[in-house]
Amino acid sequence: MRNVFDELNPPPRRLMGPGPVDADPRVLRAMSMPLLGQFDPAFTAYMNEVMALYRQVLRTRNRWTFLVDGTARAGIEAAMVSLLAPGDRVLVPIFGRFGHLLGEVAERCGAEVRTIETEWGTVFEPGRVAAAIREHRPALVAIVHGDTSTTMAQPLAEIGALCREHDTLLYVDATATVGGMDVRVDDWCVDILSTGLQKCLAGPPGSAPITFNERVEARVRARRHIERGIRPDGFEAAAGPVIGSNYFDLGMLMDYWSESRLNHHTEATSMLYAARECARIVLEEGLDARFERHARASRALVAGLDAMGLERFGDEIHKMANVTGVEIPEGVPGDAVRAMMLEDFGIEIGTSFGPLAGRIWRIGTMGYTCRKENVLVCVMALETALRANGFRAPPGEAADAALAAWNAA
Ligand SMILES: Cc1ncc(COP(=O)(O)O)c(C=O)c1O
């Protein structure tokens, strides 16, 4: 019997769903470091280091590259509420659950939301986005890079160029891809992008790195207001409408993360330590080496699933490297298989949402979880769990195929 006074003792797991995944032990260690005051020069130096590290991780020269406190959707909310004033038009191309989330956050900002949709499991041709931009003339295009709900990744370079051509800002939710797939903020003309720690960055949920350029800065400054109790003498508010959130006001966050260090929230000290360590780990490995490791794990996992005779979900070409969708075979109780994976093997995999709930499983190979032994143990466990639930996969072939694919790389 569990007692509320018992010490925390979470069961050991391999978290191989769509995120959160296992945090790198180095990140957990960094989080246990002593706290510092938020204006301690030692702490503000860490803040500046975090900015410099994430510029490299996100392949950007943007000065404004910092953390929004909260899970990944805190970054989404900060971007939307700071950019969209009531009545502003936004175009959201939706190819999964998280596209719907962007649309819903924009609606809550009072924006006039226009959407285009493509079938889950596919992505957009740039021509469709171009036509929608011409039709709707949005102030902002908001799109997801890798939508974990469908396991598809939307190519962005052409969409970025299109937005620039039409003088439309581009926001990208790259929560699920940063640190696992190439993300090039500057080369792709992304104006503002946010992410989260709990997937390929191998940290816990609770911090949302964000980056944005001068085009975004100009829009935010045009709405600049400072909280009454900390307003410097002589400050004059901008003429634009006040940003509808204090916590997510990018203007006030810029003041806090710049030399003026104008107080805003109390920075989440331990999450900043975590974010710093995540970035250090990514950059020590090297971005390209890290992307190749994720692609290799994807090839190995796919080889294992194919050898079991399972059908994969979605468009092959646009499959994310770090999460794989697989159809639950006809007649197999998907939840019973997942429960057996968890209880008997300590492995967590996911199902999906909306039209894909109970139709596919999603297997993540992200960040610290993206390792050879995890892929092998996962396919072996899945094979056993499938057999126990009435699906006959050829015994042993999945692990052999996954191992061969990993070693062939
Ligand atoms: C693509 C994408 N965007 C946004 C989110 C929301 O992130 P959070 O749950 O950390 O707020 C997720 C989480 O799974 C995601 O995969």
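Strand β2 (residues 64–69) and strand β10 pair in the antiparallel sense over 6 bridges; pairing requires at least two DSSP bridges between two strands. Helices (H or I, at least four residues) and strands (E, at least two) are DSSP runs numbered from the N terminus. This is a predicted model, in which local features need pLDDT of at least 70, side-chain atom pairs count only at pLDDT 80 or more, and totals for chains, interfaces and linings use all residues. Residues are numbered from 1 along each chain as its sequence is written, and side-chain values use heavy atoms, without hydrogens and water.

**Strand β10 and its partners**
- Threonine 65 stands opposite threonine 211 in β10.
- Strand β9 (residues 192–194) runs antiparallel to β10 and is joined to it by 3 bridges.
- Leucine 193 also stands opposite threonine 211.

**Whole chain**
- The chain has 13 helices and 13 strands.
- Of its 409 residues, 57% count as buried.
- The C-alpha atoms fill a box of roughly 75 × 55 × 40 Å along the principal axes.
- Residues 24 or more positions apart make up 71% of the contacts with a separation of 6 or more, where contact means heavy atoms within 4.5 Å.

How values were computed
Buried < 20%, exposed > 50% of the residue type's maximum accessible area, 1.4 Å probe, protein only.
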